[in-house]
Amino acid sequence: MWKFVSRKFLTHFPISYSSSSSSLSHPLFLSSLLHSHSLASPLSHSNFLVTTHNINPKVLNCEYAVRGEIVTLAQKLQQDLQANPGSHPFDEILYCNIGNPQSLGQYPITFFREVLALCDHPTLLDKSDSHGLFSSDSIERAWRILDQIPGRATGAYSHSQGIKGLRDTIASGIEARDGFPADPNDIFLTDGASPGVHMMMQLLIRSENDGILCPIPQYPLYSASITLHGGKLVPYYLNEETGWGLEIPELKKQLEDAKSKGINLRALVVINPGNPTGQVLPKENQQEIVKFCKEEGLVLLADEVYQENIYVPEKKFHSFKKVSRSMGYGENDISVVSFQSVSKGYYGECGKRGGYFEVTGFSSEVREQIYKMASVNLCSNVSGQILASLVMSPPEVGDDSYESYFAEKDEILTSMARRAKTLEEAFNKLEGVTCNKAEGAMYLFPRIQLPNKAIESAKAENSVPDAFYCKQLLQATGIVFVPGSGFGQVPGTWHFRCTILPQEEKIPAIITRLTKFHENFMDQFHD
């Protein structure tokens, strides 16, 4: 299923955990191979002391397709265009590979940036003309936040768990969202959601015999972090035929299969809304998942960073903590970790690196160990902490900024919904392509039926077929998609992930270029 690559002598070695593959294709064999090679010739082919032959094999084994080979090629093509305009059959690179809204033209939310500016440069608050430049509620909020920061300095280290006053604000926001109490001591502020995921993997994975149930397709952060921390990714497949449904019989099947192989299941990862698949789980399905985790003694790792990105009226976001509490489960019944980020939603503040995770159902002794891990990194950046508090406590009705804030938010989300629908319809018009509705998140994950000649040509280039398609697309059009093989997929199927984030005026050009390319590709490789 997964590709583990040594840059020196391994090439796209496919590994299927759930199949009865031979020991030669097992990750442990690859690690042993790397280790034995390093003992035999630690400095071969290089005068450097540290080489790819003697570094940690877990680093070699992990991959992150969202910024992988296709994106590296795109960056080289972009450099070519800048140095030699007209050197390619397109005039710009259209990055549809990553959920990075502001890089594609999305404007930041004014209120959030006003508060950040005032907090970062507090002397502005003392200037008389600031009241003409900044809204009254952004000034009031900045004063309130600065009073919570020791020394009123955003450039100073904070408490390792995050500034207490900001955690209080976030806890109040969670409580208002869910209708159940939230404790600021359960909240750890992080540089985006990713460090929290790594921290949980580091906490839960004790040895190579510990496994994490993870959706397929999945966001590659999970496969990479599980690999880096030495665990086993135990895949469960989402059902594409039912709109990427998460089915309990599939969870049970994979759990029993893992147990039969001596793997200790520690946690279940659920991404809701889905990345890369864009589905939003019904509340009833969430209740089944909570019950499954309770019965099987699994920590529920809930990736909820797209909770604001829902585009269909019949679906609503419900946090897994809310669902578990509404079922009557308390702290002693189930362990739930929820991840949130300022990078997604309508805010899209990826570069500010703000986020948090909330841990519930953990003992005070374990919480102390989590705090110890957070302390090793000193603290997350303070600007990101401030943004996380603003995201969970935006302007309210009656505030000076409310109308402009709501208008900006609504414009961004309704535009995303239109873009998702337009791209979905365009994909479904392509020969051999089917695409489920994007109910939420920022992506579409179409399935493509590639001709046998294309598959054979990909093999001849030592490439995975959907990566071959994406590479050909990039070189012909400048459009950057991520091959589905980087997220995992049912064996024998091929997909690609496309973001819905290019600005609306760019979407027609993307569709035109894609359609022309696809027609030519299918003609060229027609069986």
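## Helix α14 and its surroundings

The buried residues of α14 pack against the helices α4 (110-120), α6 and α7 (164-178) and against the strands β4 (187-190), β9 (336-341) and β10, where contact means heavy atoms within 4.5 Å. Helices (H or I, at least four residues) and strands (E, at least two) are DSSP runs, numbered from the N terminus. The model is a predicted one, in which local features need pLDDT of at least 70 and side-chain atom pairs count only at pLDDT 80 or more, while totals for chains, interfaces and linings use all residues. Residues are numbered from 1 along each chain as its sequence is written, and side-chain values use heavy atoms, with hydrogens and water left out.

Helix α14 spans residues 382-391 and is mostly covered, since 10 of its 10 residues are buried, a word that stands for under 20% relative accessible area, with exposed meaning over 50% and partly exposed lying in between (1.4 Å probe, protein chains only). Among these buried residues are Val382, Ile386, Leu387 and Val391. At the start of α14, a side-chain oxygen of asparagine 381 comes to within 3.3 Å of the backbone nitrogen of serine 383.

## Threonine 360 in strand β10

Threonine 360 lies in strand β10, which covers residues 355-360, and this threonine is buried because its relative accessible area is 2%. Leaving aside neighbours within four places in sequence, threonine 360 is in contact with Asp186, Lys321, Arg325, Glu331, Ile334, Ser335 and Val336.

## Serine 135 between two helices

Serine 135 is found in the loop between α5 (130-133) and α6 (136-148), and it counts as buried because its relative accessibility is 11%. When residues up to four places away in sequence are not counted, serine 135 touches Phe111, Glu114, Asp400 and Ser401.

The side chains of serine 135 and serine 401 are joined by a polar contact of 2.7 Å, that is, by a pair of N or O atoms within 3.5 Å, of which, within protein, one must be able to donate a hydrogen and the other to accept it, and residues adjacent in sequence count only if both atoms are side-chain atoms. Serine 135 and aspartate 399 are 264 residues apart in sequence, yet 9.3 Å apart in space, C-alpha to C-alpha.
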